[in-house]
Amino acid sequence: MLQHLLHLLYPNLCLNCNQSLVQTERYLCLGCQITLPETNDHLIKENSVEKTMWGRIPFERAFSFLYFNQKGVTQRLLHELKYRGNEDLAHYLGELYALRIKQTAQNQKIDAIVAIPLHPSKLKKRGYNQSFAFAEGIAKGLNIENLSGAVSRIKATDTQTKKSRSERWKNVSSIFCVTNSEILNQKHILLVDDVITTGATIESCGQEIIKTVNCTLSIASIAFAA
Ligand SMILES: [Zn+2]
């Protein structure tokens, strides 16, 4: 609460350590930015996200930007995105992550990006889709198209956090629908979510896309919480 008030009064403070930011810094001071708990998944073959998704949907690569750490900087950032509607921060994190993704030749073959959609009722309530804003940042950084409009969410779902693995899967199966398969055809698509935990949401959406579109999938998220 005190932290929120502080940032409302002084928006140019680091979200993590509350120190004043210099002009070139955004949201995080340099010190906090270099100590971000980055997974470096994009450089690691058979990383934890890939292992989580193995055998569930066919994909080329899977990677998350940050490890989720309770009470740590990732949680602080996600809180800022989810409860304080900081769309620009999501966009910024996407741009930051694009710089990492670009480092490998294989990832440079990604043609387009699709964010896991929110149900319209939830979008209205929340004001924006943080996965979409993160995807926008990546798309800008990689200079590729954000084709998120090609997929929609047709069922609203309850929150996943208190559910078991099988309950989570039941909760998200057949809730997505590809509304424009043509623009996704023959493309290598990076499917983007905010947090990957069991991977059930990514699996469900990815299956729907693969069912209707002839394409290659890769997977990315802001955070990985195993
Ligand atoms: Zn800091």
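In this predicted model, L191 touches V114, I202, C205, G206, L217 and I219, leaving aside residues up to four places away in sequence. Together with I138 and V192, L191 is among the residues with the most contacts inside the largest nonpolar core, which has 53 residues.

Which elements give two or more residues to this core? The strands that do so are strand 1 (62–67), strand 2 (112–115), strand 6 (188–196) and strand 7 (216–224). The helices are helix 4 (73–83), helix 5 (87–101), helix 7 (130–142) and helix 9 (200–212). Domain 1 (1–35) and domain 2 (37–224) both contribute residues, and the core therefore lies between them.

Helix 5 deserves a separate look. This helix has 15 residues, and 21 Å separate its first C-alpha from its last, close to the 21 Å expected at 1.5 Å a residue. The buried residues of helix 5 are L89, A90, H91, L93, G94, L96, Y97, A98 and I101. In an α-helix there are 3.6 residues a turn, so residues three or four places apart point the same way.

The next topic is the division of the chain into domains. The protein chain is divided into domain 1 (1–35) and domain 2 (37–224). Taken over C-alpha atoms, the centres of domain 1 and domain 2 are 26 Å apart. Five residues from domain 1 and six residues from domain 2 take part in the contact. On the side of domain 1 that touches domain 2, three residues are nonpolar, one is polar and one is charged.

Most residues other than glycine have a negative phi. N18, however, has a positive phi, near 65 degrees, although this residue is not glycine. N18 is found in the loop between helix 1 (2–9) and helix 2 (30–34). Is N18 buried or exposed? N18 counts as exposed because it has 12 C-beta neighbours inside 10 Å, and a residue with 12 or fewer is classed as exposed.

K71 likewise has a positive phi near 65 degrees and is a residue other than glycine. The loop that holds K71 runs between strand 1 and helix 4. K71 is exposed, because 7 other C-beta atoms lie within 10 Å.

Methods: Residues are numbered from 1 along each chain as its sequence is written. This is a predicted model: local features need pLDDT of at least 70, side-chain atom pairs count only at pLDDT 80 or more; totals for chains, interfaces and linings use all residues. A nonpolar core is a set of buried Ala, Val, Leu, Ile, Met, Phe, Trp, Tyr and Cys residues joined through C-beta atoms within 7 Å. A residue is buried if 20 or more other C-beta atoms lie within 10 Å of its own, exposed if 12 or fewer, and partly exposed in between; C-beta atoms are placed from the backbone. Helices (H or I, at least four residues) and strands (E, at least two) are DSSP runs, numbered from the N terminus. Domain bounds come from an automatic or database domain assignment. Two residues are in contact if their C-beta atoms, placed from the backbone, lie within 7 Å. The expected span of a helix is 1.5 Å times one less than its number of residues. Ala, Val, Leu, Ile, Met, Phe, Trp, Tyr, Cys and Pro count as nonpolar, Asp, Glu, Lys and Arg as charged, and the others, Gly among them, as polar.
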